[in-house]
Amino acid sequence: MTDSQHAQAGAAQNALLNIERLVRFAFREGMIEALDVNASRNALLDLFGFTEPYEGEVPEEQLDSAVELLESLLDYGHSIGLITDNITTYRDLLDARIMGLLMPRPSETVSAFARTAEQKGIAAATDAFYKLNIDSNYIRMDRIRRNKYWLHETDYGALEITINLSKPEKDPKEIALLRSMPQAHYPKCLLCAENVGYAGRADHPARQNLRVLPLTLQGEPWFFQYSPYVYYNEHSIVFKGAHEPMVISHTSFARLLDFVEQLPHYFIGSNADLPIVGGSILSHDHFQAGRHTFPMEKAPIEATFADPALPGVSFGIVSWPMSVVRVSGSSKGDVHRAACRLLDEWRGYSDAAAEVHAFTENADGSRTPHNTITPIARLRDNGDYEMDLVLRNNRTSEEHPDGIFHPHKHLHHVKKENIGLIEVMGLAVLPGRLKDELEQIAAYLTGSAAIAAELHDAGHPLHNHASWIEALTGQYGTACTAEEARAAVERETGAKFLDVLKDAGVYKRTDEGAAAFRRFLNTIGLQENQ
């Protein structure tokens, strides 16, 4: 036997061992039952072209995750042609295919969730479902742990700052591959229920290890799943059964309140339904939920208002850089009515002094709407329903072509993307490019890199940060320790995010802005409590 044949035989034996270890991991973690073990093992043997299982001794072990086993099996899969090209896109397709063979059927997942909820409570049921998503490698904790995270103290509380590194960036080979692929139409989008069990393709992720839970919201079929790239604890997606566009309406608010009754330990919210101030997927109606306390939720009320027609409901202006009305009360119906009224009034409200215009009149007589709301709902421990209604406006101008109430141009070197639900609540999701860029910027503060005129050249990798780097070195000097430089750059990045939120706020944190905010609430009949 040649050296190459010896190596090939050794790799095959190692793959057989890892298949056995993976099956045992799945059984131990409750992904499969005892009667499923043989079938699961045989399915994996068939996938990798084996006719017999591993016959050697398998040591007892307590693996925290299947990632190590999967990476080895992906390497072997490439060596035998299961992966046509050893790039992340194809490795992820095979990863989901492997774990899909170790998953309970969708109906079994739903039945198990219902049993746990009945026997141990809804929180225990979501705990178990979340664990299944992690154990199956649908939630890629190995990648999520790469994300950078820190807190930034402000007058509004501690903002959360993350640099998103969990979504792998495409290399040039993958980008070229995607460009050459014909357009496909199934599933219609990443949020459709048809994704469950889908094998995927180069331009659409595999979802054999995806499981969703059915929900009924306002008498309609909806579904609950976890996000594969969680930005916060138990980051969830709640999506409509039908592929219909995002819309913020009275029914949206009713659905949010229905949800928190069913999962009272979770918050739920929605991106706005207009471009610029909306989310990244406006083609499929959906919400985001989870088990996390965001900075905005902790923010106090700075002024309270009452509606004589709804005496059991409290309205409050939240002390927050964006413009937030907090509506709360013990009656679900009254809180819903209050939220609907605010939405209706805001949709048609204009105040030229505050640069708020509800519509643009078009030459053909039509009107382009600009006012909408980013809503968030919670059920408090005392039984009160609470909704935070964030006022949004997507108007643009010659000075601010990307949006008047959007991060202004001088902040785009840190954050240019839409300010969606997560950012609104005080968690910055910053682009992955910033990891290396901030490290390079910190080097100027330690003196290990010297500022040169080339920094202002368009071709310089830090060109967009040139003015900021000069301001930082002017403030902190160039003799910081590495730790001092890192802390300074993180602190100033956090300050940039605070400015992002202030830009996105319709009513500014000034005396004039506060007066304009009160003017809106007074105009619609709310009376300020003295």
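Start at glutamine 225 and show its side chain: it makes a polar contact with the side chain of tyrosine 138, at 3.1 Å. A polar contact here is a pair of N or O atoms within 3.5 Å; within protein, one must be able to donate a hydrogen and the other to accept it, and residues adjacent in sequence count only if both atoms are side-chain atoms. This is a predicted model, where local features need pLDDT of at least 70, side-chain atom pairs count only at pLDDT 80 or more, and totals for chains, interfaces and linings use all residues. Residues are numbered from 1 along each chain as its sequence is written, and side-chain values use heavy atoms, with hydrogens and water left out.

Stay on glutamine 225. It lies in strand β4, residues 220–226. Strands (E, at least two residues) and helices (H or I, at least four) are DSSP runs, numbered from the N terminus. Glutamine 225 is buried, at 5% relative accessible area. The classes are buried under 20%, exposed over 50% and partly exposed in between (1.4 Å probe, protein chains only). Now select what glutamine 225 touches, leaving out residues up to four places away in sequence: Tyr138, Leu210, Arg211, Val212, Ser236, Ile237 and Phe239. Contact means heavy atoms within 4.5 Å.

Next, select 106–120 and 122–135. These are helices α5 and α6; their axes come within 6 Å and cross at roughly 145°. Axes are lines fitted to C-alpha atoms, for helices over the stretch in contact, and angles run from 0 to 180 degrees between N-to-C directions. On the α5 side, show Thr109, Phe113, Thr116, Ala117 and Lys120; on the α6 side, Ile122, Ala124, Ala125, Thr126, Phe129 and Leu132.

Move to α1 (3–28) and α2 (37–47). They pack at about 145°, with axes 10 Å apart. Leu16, Ile19, Glu20, Leu22, Val23 and Phe27 of α1 meet Val37, Arg41, Leu44 and Leu45 of α2.

Now the backbone. Select tyrosine 186 and proline 187: a cis peptide bond joins them, with omega about -20°. Proline 187 sits in the loop between α8 (172–180) and β3 (213–217).

Go to glutamine 218, in the loop between β3 and β4. Its phi is near 55°, a positive value in a residue other than glycine. Glutamine 218 is partly exposed, at 39% relative accessibility.

Finish at isoleucine 276. Find it in the loop between β6 (267–269) and β7 (286–290). Phi of isoleucine 276 is near 75°, a positive value in a residue other than glycine. At 23% relative accessibility, isoleucine 276 is partly exposed.
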